[in-house]
Amino acid sequence: MIDQETIQRIMDAARIEEVIGDFVSLKKRGANHIGCCPFHNEKTPSFYVSPSKGIFKCFGCGEAGDVVGFLKKHEHFTYPEALQYLARKYNIEIHEEEQTQEQKERQSERDALFHVSEFAQKYFADLLYNDEMGRAVGLSYFHSRGLSDEVIKAFGLGYCLDEWSAFTEHARKNGYSDAVLEKTGLTIFKEDTKKSYDRFRGRVMFPIYSISGRVLGFSGRVLSSEKQAAKYVNSPDSDIYNKSRILYGLFQARSAIAKANKCYLVEGNIDVISMYQSGVENTVASCGTSLTTEQIRLIKRYTPNVTVLYDGDAAGIKAALRAVNLLFAEGMHVRVVLFPDGEDPDSYAQKYGSTKLQEYLATHEDNFIMYKTRVQLDAVKGDPIRRAELLKETAQTIALVADMMERQEYIRQCAYLLSVNEDALTSEVAKAINANRLKAYEQQTSPQQPSQPAPQQSAQPAVPEAPATPVPQESTLRPGKVDVREKHLVSLLLNYGNVRIPESAITGEKSEEEREFSIAQIIIGDLWNDELTFSDPRCQAIYEYFDREIAAGREVDPTIFIAFPDEAVRDFAIGLMVETWKISDSWWDKKKISVPTIEDNLRQDVRETILSFKEKCVDDRIEENARRFREVSDDAELQRLLKEKYQLVVLRRQLGAALHRVIN
């Protein structure tokens, strides 16, 4: 057990933005940090980290907690393991009491899987350097691939003896049960004969790590020339290892990816290690699977920019083309580098060296959609039917691009390549977008048949779900007269929520990278930062709907409120969306006076409305403070209320000054 004093030292030293920043790409926003939530899929960041409060919160999925809670949730640590991780990170020495046998037996099965995996990695790594066969076979192989000892140790590479059960017997002697060995896949047990043997015997070992550096599983490459032996064998899925949700090399690459704001995606483990040794450390590979949505989302935590590296042969080109739809469906910016026929990143690095490799990568990057279009255009040649099919396929790919301006640029360039009218390709893209939305809507609204088996996962990427049309129902809300400031803030959400404006238009401060956000993102993020809510339940319901949709990466179509299930919310929203006044044309026609519209002053309006709403919330708290002051008699509580009132009055004056009002 860790004593309380040490726990306090660990918690005092831990900086939540640094710890979470090891797993999530965070950007500073005011007093907080913001990024995409690692606990659910989203395209618009809704995951906030507050250094001053030492907490995180996702207002999309609701996950929240402190630094230890994050590690327990994200890395599946126990409480002591989370503390140990923080102690190692901040170089704090801890002393634990010796565990009793009873305590050891209470360790969870999940912990046991982690422990035996880490034990196996150390065993295989030790054999590589300290066993005669390990050096002669395993280490010689790695050296023949041009890997240095430093890089071999950085990736924890090893060797499993070419004996039936050498590892299994060694693990048993060290107290690991057959059940644990079987569940990790390190040992295979034959049911008929009850015999066991090592899954990875006679193979060089590539341990697969979690983002925090825990060993989850292994990939073993055979060195013998037996035709029946699979070239690579991977650990089977277990409670701690799922190959479709893991990227090889991400533990070693994560910092370099965030720093370079780019990730190189390759096919094999050796490619990753060769790239790393050549100075291109921001490289990962899928773990023995075709690229999956979960793997793409892992990359997206650190960067939206991916460059796919594949062999220059036909199989490599085909593999590259398969990945494009998944990547674009997740909002990634994708480029491709193809190596000369017969070469891959590893062979190219060995043949020409690290400098030439980096030069090749820099000069041979190509836009993925443009590359795909050129490759397929060469294949169709002059066949009009195949050209028409290519036009539709290109439109379907472009339709997956989330950013409208990026999508328009692809349309322009691809139309030129395909020698078609830009409007024709635009029309095809629009059809593809509508088809995707309709398909998503039908999947959302169609009744599920529980008696039938779940359908197989489609090779096509998932399209963001469209919200189902709700069934109107009688309202249970009984709102009174709504405050004009709340009403106007919700009106901005409904009428201008999807309009994008520069962040500096609200904050007044320009950053190095001038970013744009939708007005809905700005309003919701600002209110969440200060933990503000609406007093009117209809306003709160509309705000919460925007909150959920934006957290899921979707723009809100305000017409959804026309059929909103709650009657009071529906009528209130429709009233705000209906234009009740219009500037007369005669102001210009007769008097030549130009009157600015709401749209003309939108940036200022958003800023002032948010400040006015905060002013209203402070006024409410001042009233609540006065009410409680009249009711309490305890001296200590009275003093606290007086202090709180002073702070609220100061804040009220600051807001008034920001709104250019004079407040006594």
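1. Strand β10, residues 215-222, gives the most to the lining of the second largest cavity, with three residues. The model is a predicted one. By class, that makes six nonpolar, five polar and no charged residues. The space inside is about 50 Å³.

2. How many cavities of 30 Å³ or more does a search of the whole structure find? There are two. Rolling a probe the size of a water molecule over the atoms shows where empty space is left. The largest cavity holds about 70 Å³. Its lining residues are Arg29, Ile34, Thr44, Pro45, Tyr48, Phe59, Phe517, Gln521, Gly525 and Ile550. Six of these count as nonpolar, three as polar and one as charged.

3. Five strands form an open sheet, in the order β1-β2-β3-β4-β5, with antiparallel pairing. The edge strands are β1 (27-29) and β5 (64-65), and each pairs on one side only. Within the sheet, β2 (residues 32-35) meets β3 (residues 47-50) over three bridges, in the antiparallel sense. Isoleucine 34 has tyrosine 48 as its bridge partner in β3. Both Ile34 and Tyr48 also line the largest cavity.

4. A second open sheet has six strands, ordered β12-β14-β13-β15-β16-β17. Its pairing is mixed. Strands of a sheet pair through backbone hydrogen bonds, either parallel or antiparallel. Which strands stand at the edges? They are β12 (247-248) and β17 (366-367); each has a single partner strand, so one side of each is left without a neighbour in the sheet.

5. Strand β12 pairs with β14 (residues 283-286) in the antiparallel sense, over two bridges. Leucine 247 has serine 286 as its bridge partner in β14.

6. Now the helix pairs. Helix α3 (residues 67-75) packs against helix α4 (residues 79-89) at an angle of about 115 degrees. Their axes lie 9 Å apart. The two helices are therefore roughly perpendicular to each other. The crossing of α3 and α4 is right-handed.

7. Helix α17 (residues 384-398) and helix α18 (residues 404-418) pack at about 165 degrees, with their axes 10 Å apart. That makes α17 roughly antiparallel to α18, because angles over 145 degrees count as such. The crossing of α17 and α18 is right-handed.

8. How do the axes of α26 and α27 cross, and at roughly what angle? Helix α26 spans residues 602-631 and helix α27 spans residues 635-658; their axes cross at roughly 160 degrees and come within 9 Å. The pair is therefore roughly antiparallel. The crossing of α26 and α27 is left-handed. By class, the contact between α26 and α27 has 11 nonpolar, two polar and 11 charged residues.

Note on methods:
Residues are numbered from 1 along each chain as its sequence is written. This is a predicted model: local features need pLDDT of at least 70, side-chain atom pairs count only at pLDDT 80 or more; totals for chains, interfaces and linings use all residues. Side-chain values use heavy atoms; hydrogens and water are left out. Axes are lines fitted to C-alpha atoms, for helices over the stretch in contact, and angles run from 0 to 180 degrees between N-to-C directions. Helices (H or I, at least four residues) and strands (E, at least two) are DSSP runs, numbered from the N terminus. Angles under 35 degrees count as roughly parallel, over 145 as roughly antiparallel, 65 to 115 as roughly perpendicular and the rest as oblique. A crossing is left-handed if the near helix is turned anticlockwise from the far one by less than a right angle, and right-handed if clockwise. Ala, Val, Leu, Ile, Met, Phe, Trp, Tyr, Cys and Pro count as nonpolar, Asp, Glu, Lys and Arg as charged, and the others, Gly among them, as polar. On a 1 Å grid over the protein atoms alone, a cavity is a set of points where a 1.4 Å probe fits but cannot get out, and a pocket is an open set with protein on both sides within 12 Å along at least five of seven lines; lining residues have an atom within 4 Å of a point. Grid points are joined across faces, edges and corners, and a volume is the space filled by probe spheres set on the points. Two strands pair if DSSP finds at least two bridges between them.
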